[in-house]
Amino acid sequence: MGGGAIAANQCEGAWQEGGRGKSNVDMIPYGQHRFDVSRGKINPEELPDDTIFPARMGIDFYHRYKEDIKLFAEMGFKVFRFSIAWTRIFPKGDEEKPNEDGVDLLGYTMWGCIDLISASSGEMSKRYGFVYVDKDDEGKETLCRKKKKSFEWYKNVIASNGENI
């Protein structure tokens, strides 16, 4: 059984849509201030307007999930684990009822089957996965998806049940 997983903070994007609230990872910038912000030494809201916050955009899985899931299915994946930002369900964290837009999980359905933002550094230049996403560390992107050579290789591994490794 072949499959994979994604994490909301690396892929979701759409950080201010559908009633979603802010989460701590939304406030961690890329670059020199990353660790000072994460340690509470700098307020992220006081950083320059051109500061890049990788988790806010991710790879825009929120809007492009159908395209991405088709690629996963083409690869032969049988299972898919995903996470949803908790702040999409409970935007402030103290609500008694969940955010209806966040609970509609139709738009949500992998360890790096698609390029993700590095969880440790916030970089896109650290490429993981079988599907290339056109995005760089400075936030320039078309977000186009392209299959890497490893896509076909892994697809063959899954189809052969691991015999063609």
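Let's start with helix 4, residues 61-75, in this predicted model. If those 15 residues formed a straight helix, at 1.5 Å a residue, the span would be 21 Å. Between its end C-alpha atoms, though, helix 4 spans only 18 Å.

Staying with helix 4, which of its residues are buried? They are Phe 61, Arg 64, Tyr 65, Asp 68, Leu 71, Phe 72 and Met 75. Notice that the list includes Arg 64 and Asp 68 along with Phe 61 and Leu 71. Then, just after the helix, you come to Gly 76, which takes a positive phi of about 100°.

Now, on to the aromatic rings. The structure holds one aromatic pair. The partners are Trp 86 and Phe 90, 5.3 Å centre to centre, and with 40° between the planes the pair is tilted. Are these two buried or exposed? Trp 86 counts as exposed because its relative accessibility is 59%, and the cut-off for that is over 50%. Phe 90 counts as buried because its value is 17%, and buried means under 20%.

Last stop, friends: Arg 56. Its charged end sits over the ring of Trp 15, 4.0 Å from the ring's centre. Arg 56 also lies over the face of Phe 53, and there the distance to the ring centre is 3.7 Å. If you have the structure open, find Arg 56 and look for both rings, Trp 15 and Phe 53.

Methods:
Residues numbered from 1 in each chain as written. Predicted model: local features only at pLDDT ≥ 70, side-chain atom pairs only at ≥ 80, totals over all residues. Heavy atoms only, no water. Helix = DSSP H or I, 4+ residues; strand = E, 2+ residues; numbered from the N terminus. Expected span 1.5 Å × (residues − 1). Buried < 20%, exposed > 50% of the residue type's maximum accessible area, 1.4 Å probe, protein only. Phe/Tyr/Trp six-rings, centres within 6.5 Å; stacked < 30°, edge-to-face > 60°. Lys NZ or Arg CZ within 6 Å of the ring centre and 35° of its normal.
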